[in-house]
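Thanks for coming. I have one model to go through today, and I will keep to what can be read from it.

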Amino acid sequence: NSSDLSPSSFILASIPGLEAAHFWMAMLLCSVYILAVTGNCAVLFIVKTEPSLHAPMYFFLCMLAAIDLALSTSTVPRVLSFYWFNTKEISFGACLVQMFLIHTLSAIESTVLLAMAMDRYVAICHPLRHAAILTNAATAKIGLVAMARGVLFFLPLPLLLLPLPFCSSRVLSHSFCLHQDVMNLACANTPPSGVYGLTAILLVMGVDAILICLSYVLILKAVLRLASWKERLKVFSTCVAHICVVLAFYVPLIGLSVVHRFGKDLAPLVHITMGNIYILAPAVLNPIIYGVRTKQIQRRILNLI
């Protein structure tokens, strides 16, 4: 029975009734993607050419920029092809590769955000030891650990889906491939894949979120021990950009997870919109946040303009 074999392709989701507006939706998406690419490339260029920014915090920012570029580039061009040229199908192999990249890059970004939180903790709570603890070599090692952690935790996801039989329905809920979405199309016993996917997310993003919150509890305790409110605000203001970046990553992630698990009856527009926000929100907002909060980046951007 051909319906019990792995499909040759999946069909990307479109918004019913809005097919005529695909061109303009793609124009909007393309504009946001260009903004994301331009902003993150600018961050990479500025940090590379500005000696005063050669510090762990800004090396982590470069890692975020590279991850956001890779994540958006692995999805948005394929979505634009769908909207502009009506190429609705994506091959089974390409879908699994895209799914692996999305989840792995998200895990790496989560680890880098945790490392940035630890950097803020050491800089505020142990300032005299900051330079000795977070050296350039230590920063590079953290980046390698983040990559290895993401790959090791999320490589099994496509491998668990590979042998599953799929039913006749091949229509996804998004314009790109996610593990939960693809798994729901299988007509076999999927709890092992579902349990592993949820466990991997909890052990990576969940643990990272808890440790980030813990680091800010310790930072807040250290800040409150300062003598004046002026000093407290000055010290804590160094964390504002990172807090905004954490929210830009975790709020869409949580929203998309909630929609996947509890919003099966919601309109397709909700699923597609949440998916696009999850992919593009960090890539667009991170350069803007650090551009606004970092005077050196502001100055170099004005010089470039």
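Let me start with D208, which touches S110, T111, L114, R149 and Y250, leaving out residues up to four places away in sequence. This is a predicted model, so please keep that in mind for everything that follows.

D208 sits in helix α9. Is D208 buried or exposed? D208 is buried, because its relative accessible area is 0%, and the cut-off for buried is under 20%. One of the contacts I listed, R149, is also a salt-bridge partner: the side chains of D208 and R149 meet with 2.9 Å from N to O. This pair joins distant parts of the chain, with D208 in helix α9 and R149 in helix α6, 59 residues apart. R149 counts as buried too, at a relative accessible area of 19%. That value sits under the 20% cut-off for buried.

How many salt bridges does the count come to? The count is three. Another of them is between R300 and E50, where the closest N and O atoms are 3.4 Å apart. Here again distant parts of the chain are linked: R300 belongs to helix α13, E50 to the loop between α1 and α2, and 250 residues separate them. R300 is buried at 17% relative accessibility, and E50 is buried with a relative accessible area of 14%. A word of caution on the α13 end: helix α13, residues 295-304, is where confidence is lowest, at a mean pLDDT of 80. Helix α6, which carries R149, is where confidence is highest, at 95 for residues 136-154.

There is also a salt bridge between the side chains of R120 and D119, at 3.0 Å from N to O. R120 is buried at 12% relative accessibility, and D119 is buried with a relative accessible area of 0%.

On confidence overall, the protein averages a pLDDT of 88, and 97% of the residues score at least 70. As a general point, where pLDDT is low the predicted coordinates should not be read in detail.

Back to helix α9, residues 191-224. There is a nonpolar patch on the surface, formed by M118, L203, V207, L211, L214, V217 and L218, with about 510 Å² of accessible area together. Which helix gives the most to this patch? Helix α9 does, with six residues. V217, one of the patch residues, has its place in α9 and is partly exposed, with a relative accessible area of 45%.

G194 counts as buried at 18% relative accessibility. Apart from neighbours within four places in sequence, G194 is in contact with H179 and M183. The C-alpha atoms of G194 and N184 are 9.3 Å apart, and the two residues are ten residues apart along the chain.

Next, the record. The unreviewed UniProt entry annotates "transmembrane region" at residues 20-46, 58-84, 90-117, 138-162, 200-223, 235-257 and 269-292. I looked at two of these spans in the model. Residues 138-162 are 92% helix and 0% strand, with the end C-alpha atoms 37 Å apart. For residues 235-257, the end C-alpha atoms lie 34 Å apart, and the span is 87% helix and 0% strand.

Now to α3. Its buried residues are V76, R78, V79, L80, F82 and Y83. What do the buried residues of α3 pack against? They pack against α1, α2, β2, α4 and α12. After α3 comes N86, with a positive phi near 60 degrees. Most residues other than glycine have a negative phi. N86 lies in the loop between α3 and β2, and is partly exposed, at a relative accessible area of 49%.

Last, T294, in the loop between α12 and α13. T294 is buried, with a relative accessible area of 5%. Setting aside neighbours within four places in sequence, T294 is in contact with L53 and Y58.

That is the end of my list, and I am happy to take questions.

Methods: Residues numbered from 1 in each chain as written. Heavy atoms only, no water. pLDDT = per-residue confidence, 0-100. Helix = DSSP H or I, 4+ residues; strand = E, 2+ residues; numbered from the N terminus. Patch = residues over 30% accessible without salt bridge, like charges linked within 9 Å, V, L, I, M, F, W, Y side chains within 5 Å. Areas by Shrake-Rupley, 256 points an atom, 1.4 Å probe, with all protein chains shown as cover. Salt bridge = Lys/Arg side-chain N within 4 Å of Asp/Glu carboxyl O. Buried < 20%, exposed > 50% of the residue type's maximum accessible area, 1.4 Å probe, protein only. Contact = heavy atoms within 4.5 Å. UniProt positions renumbered as here; feature names shortened; annotations may be inferred.
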